[in-house]
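Please find below a short note on the fold under review. The points proceed from the sheet to its helices and then to a single side chain.

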Amino acid sequence: MTQPTPLRLSPLAGAKAARRLFVHDLMIDASIGIHGYEQNGDQRVRINIEFDVRDEAPVNDSIANVISYDDIVAGIKAIVAQGHINLVETLADRIGDFCMADRRVVRARIRVEKLDAIREARSVGVEIERVTSD
């Protein structure tokens, strides 16, 4: 049996060491869409986030030294709770801005999918990537 090839992360600008964190398949009901029938109720949205984080301090088994998944999910829920959003692109941008606000994050990839928008498709949506400029 052959061994799987290890995952190779691309080098991160200015980072001595990095971690890749993720939240996969976060399911949220959101008021989203441009069509009249989408503006009168919530619909299911799936959100996936991966972000690369600079390791600036030892983890020391302390939540204070890492980005908390709970905080990320709470932030996404707060964005959705602000009210109706027309486009999945807008929601992805807002989530991207939220993730990049933490100076430890050097790259974030956000995928937002509407699960019930087109009956013949499992999902439709957008994926964006944000990278720090330093």
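In what order do the 4 strands of the open sheet stand?

1. The 4 strands follow the order S1-S2-S3-S4, with antiparallel pairing. Strands are DSSP runs of E with at least two residues, numbered from the N terminus, and two strands pair if DSSP finds at least two bridges between them. This is a predicted model, in which local features need pLDDT of at least 70, side-chain atom pairs count only at pLDDT 80 or more, and totals for chains, interfaces and linings use all residues. Residues are numbered from 1 along each chain as its sequence is written, and side-chain values use heavy atoms, with hydrogens and water left out.

2. Strands S1 (18-30) and S4 (124-131) are at the edges; each has a single partner strand, so one side of each lacks a neighbour in the sheet.

3. Strand S3 (residues 105-114) pairs with S4 in the antiparallel sense over 8 bridges. Arg109 stands opposite Glu129 in S4.

4. Helix H2 (residues 88-100) packs on the sheet and touches S2, S3 and S4; contact means heavy atoms within 4.5 Å. The direction of H2 makes about 155° with that of S3. Axes are lines fitted to C-alpha atoms, for helices over the stretch in contact, and angles run from 0 to 180 degrees between N-to-C directions. Helices are DSSP runs of H or I with at least four residues.

5. Arg54 is found in strand S2.
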